[in-house]
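Q: Please take a close look at a single part of this structure and describe it in detail. I would also like to see that part set against the rest of the chain.

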Amino acid sequence: MTARARTTLMAATAVALSIAVAGPAVAAPATGGHDATRRAMEAAVTAGVPGVTASARDAHGTWSEAVGTGDLRTGEPRSERDRYRVGSITKTFVATVLLQLEAEGRLSLDDTVDEWLPGVVEGNGHDGGRITVRQLLNHTSGVYNYTADEEFVRAYFLEDGFFEHRYDTVTPRELVAVAMTHEPDFAPGAGWRYSNTNYVLAGMVIEEVTGRPYGDEVRRRVIEPLKLRATSVPGTRTTLPRPSSRAYSKLAGAATGPTYDVTRLNPSIAGAAGEMISSSADLNRFYTALFRGRLLPAEQLAEMTTTVPAEPGVEYGLGLIKRRLDCGVTVWGHAGGIHGSSSEAVTTRDGRHALAFNFNGDWAGDSGAVTEAEFCAK
């Protein structure tokens, strides 16, 4: 998979528009062990990321490392125990809950959106009666991505709007309503395009099926059973739990200009598409458990890993990204970005080798170089 494809994927999976600072791709020499991973992290910091935290699990045990700065004001370094906003990695948790509900016979992935959310997806050519839950989860619904709306971008992702609206609460129905002011990208099932609206709707379906907010179901079904003590669904909470680092963004499309501390924000603008908080160690535990069959029966895990073509070199399952690395290793997981926080968490199909990491600043370089270093260094 090329650096261009990896960078495109990272941008696509951001819950925001990913107003990122352009930077060069980073590479790491293949020196063995996790040394290459650490060197790739250091290269990202040299190229402009304030700090990086990462953790890996393999046959030799657990390795964690942090490089760079966690707080530009105090100079406090990043910590391998940092909790951070994981953005679209939230989508794997949401898809897992829906697949558990299917396994319990409480819904079918072939149910239409209108069966659970009548009248919510309509207008400008959108028709929830023609879109299935499965199409929400694999981004083949054609539903417009609300974070691509220009007014929404100005209000929440660019400098003036962010500081005016950073603490606003936005409901899931309001987010979907933004998408409904646009035409769909294509007819249901006729293509693939990443849309955060799909997962806002998926979270709403969970609430309709269970009678509880999607976050409660994620906590009850995933976080608590796996004892993910650094993982949370914040709702409207604007702060990060400690230990954590600050998050930084230019809040613009330019590589120059001031850098802003954007740590505090109301994550309801992301909701079930990308609001969750976790740590690298917790993310590794989650994806390892998922692929070792601790969260889903074999039938549902098979559905989750049934993919459709997405970006070049990338396939998308149900809340899962599958990609083949340059060295031939195939990894599964997700990437995510939200206001000054870019993350990735992946594992091999057997769950024996997992990696999760986070950048606490804008980055448009090749973040996938860290993954390549971890899985491909000899």
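A: Among contacts in the protein chain between residues at least 6 apart in sequence, 71% join residues at least 24 apart. The model is a predicted one. Its secondary structure comes to 13 helices and 14 strands, and 59% of the 378 residues count as buried. The protein chain exposes about 14,100 Å², of which carbon and sulfur atoms supply 48%.

Strand β11 has a pairing partner in β10, residues 314–316. The two strands run antiparallel and are joined by 3 bridges. β10 and β11 form a hairpin with 4 residues between them. In that turn, Gly319 has a positive phi of about 75°.

Strand β12, residues 330–338, also pairs with β11 in the antiparallel sense, here over 4 bridges.

Most residues other than glycine have a negative phi, and most peptide bonds are trans. Against that background, His139 has a positive phi of about 60° although it is not a glycine. His139 lies in the loop between α5 (133–137) and α6 (150–156). With a relative accessible area of 0%, His139 is buried, because buried means under 20%. Leu251 is a further non-glycine residue with a positive phi, about 55°, and is found in the loop between β6 and β7 (260–261). Leu251 has a relative accessible area of 2% and is buried. A cis peptide bond, with omega about 0°, joins Arg242 and Pro243. Pro243 is in the loop between α10 and β6 (248–249).

Of the 14 residues that line the largest cavity, Tyr84, Leu240, Ser245, Ala247 and Ser341 lie nearest its centre. The elements that give two or more residues to this lining are β3 (83–85) and β14 (354–359), and β3 gives the most, with 3 residues. By class, the lining of the largest cavity has 4 nonpolar, 6 polar and 4 charged residues.

The largest pocket holds about 440 Å³ of space. It is lined by 24 residues, and those closest to its centre are Pro172, Glu207, Pro213, Tyr214 and Glu275. Two or more lining residues come from each of α8 (172–180), α9 (196–210) and α10 (214–223). The largest share, 5 residues, comes from α9. The lining of the largest pocket has 10 nonpolar, 8 polar and 6 charged residues.

Methods
Residues are numbered from 1 along each chain as its sequence is written. This is a predicted model: local features need pLDDT of at least 70, side-chain atom pairs count only at pLDDT 80 or more; totals for chains, interfaces and linings use all residues. Side-chain values use heavy atoms; hydrogens and water are left out. Two strands pair if DSSP finds at least two bridges between them. Buried means under 20% relative accessible area, exposed over 50%, partly exposed in between (1.4 Å probe, protein chains only). Contact means heavy atoms within 4.5 Å. Accessible areas come from the Shrake-Rupley method with a 1.4 Å probe; for residues, only the protein chains shown count as cover. On a 1 Å grid over the protein atoms alone, a cavity is a set of points where a 1.4 Å probe fits but cannot get out, and a pocket is an open set with protein on both sides within 12 Å along at least five of seven lines; lining residues have an atom within 4 Å of a point. Grid points are joined across faces, edges and corners, and a volume is the space filled by probe spheres set on the points. Ala, Val, Leu, Ile, Met, Phe, Trp, Tyr, Cys and Pro count as nonpolar, Asp, Glu, Lys and Arg as charged, and the others, Gly among them, as polar.
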